[in-house]
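Good morning, and thank you for the time on today's agenda. Please look at the sequence and the structure on the screen while I go through the strands and helices in turn.

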Amino acid sequence: MKLYALPSPFEIEAGTVLLLEPEWARAGELRAQLLDESYPKPFVIDDGESRYLYFNVRLMQSQMSLKAPHDLALRYTQKMMGFLLFHPRPRRIVQIGLGGGSLVKFCYRRLPGVHITAVELDPDVIALREAFSVPPDDERLHILCADGAEFISATEKGIDALLLDAFDRNGYAPALASRDFFAQIYAKLSGSGVLVVNLAGDKETYAGVIGRIMEVFDDQVIVISVPDDGNHILYAFKERHFEPRWRWLNNHAKELRARLGLDFPAFVHKMERASKLNYAQREALRGR
């Protein structure tokens, strides 16, 4: 698909804006809509080195390096892959919220044999998949335009890793924040399945989410911060009486770093510290 291109009208975001518009669209009208945030579709900014996905310039959704389109450019996406420390050989991965497809591409390229389903509510986000070098669907990869909650309700059990990275213009998608939704996820995970949630944007949009997940997963939850991106990543574990073997995980992390190029030893260190929260800190996470 050929995208409509115009010079970026934003002072702090230089480059070219790529839009899902016909070639006869009026540049002046599009420019005004972008600046007053009334433009109704997602858009891409290309600065010659990277491409970025936005709904508005207050919250960047995805980043792709043009030189390394299959790498994970943002630290929060790297940390979401930390589920491999606990489930090193997943067979089925589901992602809710496609964005620029960074996680989908990484899993598809670096985890051969894994079946990946990405569920995205906005067809315009899916329409930008070629701009972000997301491969076409095949026997291993399926990208569906569907409601994430409805998909989880209808899908089969046995998900090894569920990556929840779903946002609207304001932040975390409120439709995916209920206790019932997380209970459905718990039911559809495999016995050692892991839920990974990206929490970012306006904190009010995900207020209470951590507490609901902790309730559903019986406190088997670890939350780490991603200071560089302003995010928090939550890992929730279905395995009963989950008790990480930190020394073994440190050795395993080194193997994963050598194979995948991600700083898994640092992830383990942050997770171990986060797992040792005292009672007061856990109640604060719950929002009490």
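Helix H1, residues 27-36, lies across strands S1, S2 (16-19) and S3 (43-46), and runs at about 70° to S1. The model is predicted: local features need pLDDT of at least 70 and side-chain atom pairs count only at pLDDT 80 or more, while totals for chains, interfaces and linings use all residues. Residues are numbered from 1 along each chain as its sequence is written, and side-chain values use heavy atoms, with hydrogens and water left out.

Helices (H or I, at least four residues) and strands (E, at least two) are DSSP runs numbered from the N terminus. Contact means heavy atoms within 4.5 Å. Axes are lines fitted to C-alpha atoms, for helices over the stretch in contact, and angles between N-to-C directions run from 0 to 180 degrees.

The sheet itself is open and has five strands in the order S1-S2-S3-S4-S5, with antiparallel pairing; two strands pair if DSSP finds at least two bridges between them. Strands S1 (4-7) and S5 (59-65) stand at the edges with a single partner strand each, so one side of each has no neighbour in the sheet. From one strand to the next, the twist averages 25°. S5 pairs with strand S4, residues 50-56, over six bridges in the antiparallel sense, and Asn-56 stands opposite Leu-59 of S5.

In the loop between H1 and S3 we find Glu-37. Glu-37 is not a glycine, yet its phi is positive, at about 65°. The residue is partly exposed, with a relative accessible area of 34%; buried means under 20%, exposed over 50%, and partly exposed in between, with a 1.4 Å probe and protein chains only.

Let us turn to strand S7, residues 115-120. Why is S7 described as largely enclosed by the rest of the structure? Five of its six residues are buried. S7 pairs in the parallel sense with strand S6 (residues 92-96), over five bridges, and with S8, also over five bridges. Thr-117 of S7 stands opposite Val-94, and its bridge partner in S8 is His-142. Together, S6, helix H3 (residues 102-110) and S7 make a right-handed β-α-β unit: with the strands pointing away from the viewer, the path from the first strand over the helix to the second runs clockwise.

Finally, Ser-133 lies in the loop between helix H4 (123-127) and strand S8 (141-145). Its phi is positive, near 55°, and Ser-133 is partly exposed at 32% relative accessible area.
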